[in-house]
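User: I would like to go through a protein model step by step. Please show it first.

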Amino acid sequence: MTAEPLLEEQRKKQRAESFHLCLDITEEFAKICGINTEDVTGKTRRSLAVCVRHLAMHVLAHLGVNKKYICQFFNRNRTTIYHSLEHAQNMLDTEKQVNDHTQEIINKYDQRRI
């Protein structure tokens, strides 16, 4: 019974770390692309916001954030996350500049890997 409060504290700490990492990555991509963070996390379907959202989800998954938590942060369902990861990988495979910027962000936040 004594281990349960410690486990709950660890979960709270990991959720807080995940939240701050999600927020930082989303803000980083939004700043690079010149859009609002709210557009990235919101329900807008503007193509730039959608592309940024896909890339942010890709980086977060790459950094070890649980996909279930990514769903909660972006208020999306799990199939949307997998679809987004697929689209992000296609973008990274075809667009060198996008791949370079994404790799810079991954390298910058790699020490915060979860």
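User: What is the mean pLDDT of the chain, and in which helix is confidence highest?

Analyst: This is a predicted model. The chain has a mean pLDDT of 92, with 97% of its residues at 70 or more. Confidence is lowest in helix α1 (residues 3-33), at a mean of 90. The highest value, 96, belongs to helix α3.

User: How many helices and strands does the chain have?

Analyst: Read from the N terminus, the elements run α-α-α-α-α-α. The count is therefore six helices and zero strands.

User: Why is the chain described as compact as a globular protein of its length?

Analyst: For 114 residues the globule rule gives 13 Å. The chain is described that way because its radius of gyration is close to this, at 15 Å.

User: Is α4 roughly parallel or roughly perpendicular to α5?

Analyst: The axes of α4 (residues 67-74) and α5 (residues 78-94) come within 9 Å and cross at roughly 100°. Angles of 65 to 115 degrees count as roughly perpendicular. Therefore α4 is, relative to α5, roughly perpendicular.

User: Which residues of α4 and α5 meet, and how many in the contact are charged?

Analyst: From α4 come Lys 67, Ile 70 and Cys 71, and they meet Arg 78, Ile 81, Tyr 82 and Leu 85 of α5. By class, the contact has five nonpolar residues and no polar ones. The number of charged residues is two.

User: What share of the residues of the chain count as buried?

Analyst: A residue counts as buried under 20% relative accessible area. Of the 114 residues of the chain, the buried share is 34%.

Methods:
Residues are numbered from 1 along each chain as its sequence is written. This is a predicted model: local features need pLDDT of at least 70, side-chain atom pairs count only at pLDDT 80 or more; totals for chains, interfaces and linings use all residues. Side-chain values use heavy atoms; hydrogens and water are left out. Axes are lines fitted to C-alpha atoms, for helices over the stretch in contact, and angles run from 0 to 180 degrees between N-to-C directions. Helices (H or I, at least four residues) and strands (E, at least two) are DSSP runs, numbered from the N terminus. Angles under 35 degrees count as roughly parallel, over 145 as roughly antiparallel, 65 to 115 as roughly perpendicular and the rest as oblique. Contact means heavy atoms within 4.5 Å. Ala, Val, Leu, Ile, Met, Phe, Trp, Tyr, Cys and Pro count as nonpolar, Asp, Glu, Lys and Arg as charged, and the others, Gly among them, as polar. pLDDT is the predictor's confidence in each residue, from 0 to 100. The radius of gyration is taken over C-alpha atoms; the globule rule is 2.2 Å times the number of residues to the power 0.38. Buried means under 20% relative accessible area, exposed over 50%, partly exposed in between (1.4 Å probe, protein chains only).
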